[in-house]
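Subject: Structure handover

Hello,

I am passing on the structure we spoke about. Please look it over before reading the notes below.

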Amino acid sequence: MKLSDRLRSAQQPRPLQAAPPATRPAGMPAAPAAAAGPAVEPSAVDAPTDPSPEPVQTPPPAVTPAPVSSALQTFKEQAREQLFQKMGGRLTDSSLQEAELQALVRKELAALVQSADISLKPDERRRLIDDLTDDVLGYGPLQKLLDDDDVTEVMVNGPDHVYVERAGRLTNSGVVFTSEEQLRRVIERIVSRVGRRIDESSPLVDARLEDGSRVNAVIPPLAVNGSSLTIRKFGKVPLMAADLVRRDSLTPEMVTLLDACVKARLNILVTGGTGTGKTTLLNVLSSFIPTDERIVTIEDAVELQLQQEHVVRLESRPPNIEGRGAITIRDLVRNSLRMRPDRIVVGEVRGAESLDMLQAMNTGHEGSLSTVHANTPRDAIARLETLVLMAGMDLPLRAIREQISSAVDLIVHLSRLRDGTRRVTHVTEVQGMEGDIITLQDAFVFDFSAGVDEHGKFLGRPRATGVRPGFTERFEDLGIHLPPGVFDHELKARNAW
Ligand SMILES: Nc1ncnc2c1ncn2[C@@H]1O[C@H](COP(=O)(O)OP(=O)(O)OP(=O)(O)O)[C@@H](O)[C@H]1O
Ligand SMILES: [Mg+2]
């Protein structure tokens, strides 16, 4: 066979396992083959995450490992092609269990490796099959980033640019795809697993990975520089209140207050800019809902990881290929009212559903929680007004404001600060109306005046303003006891930090 001949001749100068560098599994080529284009995934995957002091092991000059890499690379590409041809639609068949698919692919790959007659040790053969399986079934070069717990977000801008967020900071990961085609295969694989599709007629899609990570993909022609993929990773274990306190996003006093507010069935909005941690905080707030209450969650792509048992999770649906069958967040909010919910938790209000949500909050579904994209608590109110107007009801502004002020009790605002940390910068009570204006009163605000340390890290913490929100007066009647000192401005200034 031609390929095996090439492989055999390529292996002659040196056994395969001796191919450098030591950081790759022995069977995997470390350097991209010159013919394979400017950037090949294996070496690039290693680049950002392997800070080894000796990244390059220069091979002895007499030995020329490149042909081995080249032959292996070629073999990998051909094996992938053959596998795609052989398995066809079964590769994206969402009715197949993951384990079945894995077994099937490994079997086919084993046969392909066998027939190629490459002389590999058993563990090299296994690693080659692992690598190919990753490529075909997993997320190819992204797998490593997805497996890295320090990475919280992966952003692919075309095959050559993959950025990651680590500890709140964005950097180029150095990872690249071998081609746009390889990137497209990864995208198709992700979206087909959740029963969605991506093609020219529907070039944008929201999906999620099995671990709950949220995925957005956009392909050309909408994405001009090659397909774009954004993966918001959520830890296997969701961040809980204690984690947010540990990360200085919340103070223990704020947790105590928020816990009491959720139990007292206040309607709470979490606000903030993109990626500031709204969904994470919404999840934390939801965790304070007593277990005997019936919760309905409504999201575009499920992200919330509620720990309670009595939860109905609803997900909106995009239109089908004929442009029909879409189920919007608004449809789901309306439907949820007929599901006897004790609590409605909406992942994000960003359209006409805001009117239904406000009405629900005002008419017996207190204790509802949601998030709104906004830059400040005041801005959140303005945004809600706009969203309600989008519902198309010809309501006067004053009526909208009255709806908002009587529906929303509390706004918890998040910001991602320059140092990469995500902090709650405001806990703000919506007090009511004064004339035509909705009055807001901060109970906690972030202390920016403390400045930054020598590493640029903010030294401030959220501090109580000393003003006790009016709604806390109802807490005692409800049997909810706030410990003394939660709003004690002086106490915080002196002791706590
Ligand atoms: N307090 C926090 N401290 C550190 N990391 C956090 C914190 N909150 C959230 N994160 C991480 O930040 C990322 C963004 O969080 P999240 O999805 O909750 O933000 P978001 O505001 O809902 O984003 P979007 O606007 O895209 O919906 C996630 O990877 C999450 O794990
Ligand atoms: Mg979110």
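This is a predicted model: local features need pLDDT of at least 70, side-chain atom pairs count only at pLDDT 80 or more; totals for chains, interfaces and linings use all residues.

Residues are numbered from 1 along each chain as its sequence is written, and chains are lettered from A and ligands numbered from 1 in the order in which they are written.

The chain has 15 helices and 15 strands (DSSP runs numbered from the N terminus: H or I of at least four residues for helices, E of at least two for strands). Of its 497 residues, 37% count as buried (20 or more other C-beta atoms within 10 Å of the residue's own; exposed is 12 or fewer, partly exposed in between; C-beta atoms are placed from the backbone).

Helix 5 covers residues 122-136. Its buried residues are Leu 128, Ile 129, Asp 131, Leu 132, Asp 135 and Val 136. They fall within an arc of 160° seen down the axis of helix 5, so they line one face of the helix (the arc is that of the directions from the helix axis to the C-beta atoms). Pro 122 and Asp 123, on the other side of helix 5, are exposed.

Around ligand 1 there are 18 residues, and Ser 249, Gly 277, Lys 278, Thr 279 and Thr 280 come nearest (near: C-beta atom, placed from the backbone, within 6 Å). Helix 10 gives the most to this shell, with 3 residues.

Regards

Methods
The expected span of a helix is 1.5 Å times one less than its number of residues.
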